[in-house]
Each structure stands twice: as C-alpha cells, then as structure tokens.
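Look at the structure, then read on.

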Amino acid sequence: KKSSRAQLAGAYERGAVVAARFFDRGASAFESQRLLTGVADSIARRLYALAVAELGEPPVPFAFVAVGSQARGEMGPASDQDNALVLDDSFDAALHGDYFARLGDYICSGLAEAGQALCPGGIMAHNPQWRMTESQWNDTFHGWVTAPEPDALLNAQVFFDFRCIFSAFGGEQMAQRVHDNAVVAARGSKRLHAHLAALATWREPPIGFFRGFVVERSGEYADTLDVKKGGTAAVVQMARLYAITAGVGEVDTLARIRASAGSSVSVKGAEDLLGAYEYLTDLALKQQTRQLRRGERPNYHIDPKALPSRERDALRDAFGVIKNMQSALGNKYPVRAV
C-alpha cells in the first residue's frame, strides 16, 4: 500500500510537464488546463482507493468535492488544492468523525506529496471546518448568500465553484443538490451580487490612462505585471457573478460566460470577454511552460518589454476589455457602497 502511495509522489508535477508539452504542440490553454485537472482528479481518486484499503469502507454516504480552479477545470502548474467533504445527514460525529478526519488527512497529505500544494487558506477536507453534512452545507451557503460578511464572501466565491471528484453510496447526488440549492438561493440575493461585483472590480488591469502598462517598480517581480490579479482572476469573478445572476449552474469560466450571454451580460460583452480571457490564459501558460522547462516555479508575472509589439497590443486590448466590463459592473451595482 505504501509503495502505491509512494508512486504518486510528484505525479501532479509530472502531469504539469505533460500538459505543457500538449500546449507546445498546439493545444489551447483551456485544453491543457482540462488535461492537468484530469490528472489532479485521477490522483485524488487513486488516493481514495488506497485510503479505503487502509481505513475500510466509509460508514455513511459522502462526496469529496473540489472547489476553486479544480472545480472549474482550470488548473495550471501553480494551482494548489481546494477541497471539502459533503457528508450524509446520518453522519454522527461521535461515531463517524474519526473516519472522515483520517480520510481527509490521507487525501490532502497525499495530494501535497503528489505536488498539489496545501491551500494557504486551509480550504481542504482535512480541516474540520470543511467537512459538513448536506444540511449544514445548505445552511452555510444560505448564510453566505443572505448576510455576506467579508470572510463569508471570500468563501462564497470559492465554494460556488463546486464539483464532485469521487463519492460513496450516492454522495455525488448530495453534492449536486448542495450546489443547485446554492445557485437558486444566490440568484435572488441583490446584496450578494453587489459584493461579488465589488470583488470583480476591485483589482483593475495593470494598464494606465494612456494605455501604458503599469509594472511593479521593485522587488522580486520588478518591471513585470501580473496577468492574473487584474486579468484572468477578474474575468473568473465576473463570470461567476454573471452565472449567479442568470441562474446558470455552469462552473467553468468559459461555459459561464457563454451561458450568461444575452441574459446577465450582453452578447457583445461576452464575446469580448471570452477573447480577452482566452488570450491572457494562453499568455500565462506560455510563460509557465517556459518556466517549467527551466526548472523554475511557475508564476503569472510577465515582462511586457519582452513581448513582440503585436503581443503587447493584444495585451493592451485584453486589459482594455476587462476594464470596460468592470466599469459596466460599477455602473450597474453599488460597488462603492459595499
């Protein structure tokens, strides 16, 4: 058993190298992210099989869910783990708590050994806070939706990206019900929408008034800009808001934007945003692929001076689209009052 788990050591990093090669050979950034997410899903499922061999069958139905980028199918080489457990309402902490604590530890430590770093914010199944029954999850989402405090809001935006990776005894349907209930509850919450809009517009793209790039002035990333913070991450947040207000249950960013077009976002706005997101994701993955080849830790910091002028223009255009869409949200929602 131990040797089987040992064989998974570094598997996520090896998967990232394969996804990078796939990308080099002409796959889109989205296809490469899907491939790497599939690797992460498979590692988690294999760890579960090994855990059952060691701990025995689970005592009640449950689902292991990915949240955040893994739920969206958008993992990159730098992605860490975000996950949780949904437990059947028959769960009794005194009788079953120890089993699921051990299961959470086994899976999360195994994923870390495979190269999927532990979540700095502790959003993982080995944290008792994120092992809840179906009813507790429904209550938790209801709390986030009706009275979003800053901490609750940060959790809500991660947990609205919610996908079952493996389950036992019908647990997958439980996880789906939790997500479906959350989508229904969130659609009517104007207060939540305003808070999510504020988050989506908080970090502007690193571009100035005259379309000049705003780069970091000092430190490790001097003369570079971050294509994630005011770029891809802003689009992910906007897509989540569009999906919630349109009552759309899609989880991945591209599907959310497409499904919301003509409803919570204009068809033209959706098209522009899809183009900007695909360009920025592609640019980030090109950089991360080069960094992996050089044995460096992948990041999202790009030196605009190192780009050909055509690429710099495309980067300006992509940031311009995001800025315009953020302005539209700022006009639609009371983001300054949040």
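Q: Is Asp272 buried, partly exposed or exposed?
A: This is a predicted model, where local features need pLDDT of at least 70, side-chain atom pairs count only at pLDDT 80 or more, and totals for chains, interfaces and linings use all residues. Residues are numbered from 1 along each chain as its sequence is written, and side-chain values use heavy atoms, with hydrogens and water left out. Buried means under 20% relative accessible area, exposed over 50%, and partly exposed in between (1.4 Å probe, protein chains only). The relative accessible area of Asp272 is 28%, so the residue is partly exposed.

Q: Which residue meets Asp272 in a salt bridge?
A: A salt bridge is a side-chain nitrogen of Lys or Arg within 4 Å of a carboxyl oxygen of Asp or Glu. Here the N to O distance is 2.7 Å. Helices are DSSP runs of H or I with at least four residues, numbered from the N terminus. The partner is Lys268.

Q: Which helix holds Glu311, the salt-bridge partner of Lys286?
A: The closest N and O atoms of Lys286 and Glu311 are 3.9 Å apart. Lys286 lies in helix H12, so the pair ties together parts that are 25 residues apart in sequence. Glu311 lies in helix H13.

Q: Is Glu311 buried or exposed?
A: Lys286 is partly exposed, at 33% relative accessibility. Glu311 has a relative accessible area of 15%, so Glu311 is buried.

Methods. Helix = DSSP H or I, 4+ residues; strand = E, 2+ residues; numbered from the N terminus.
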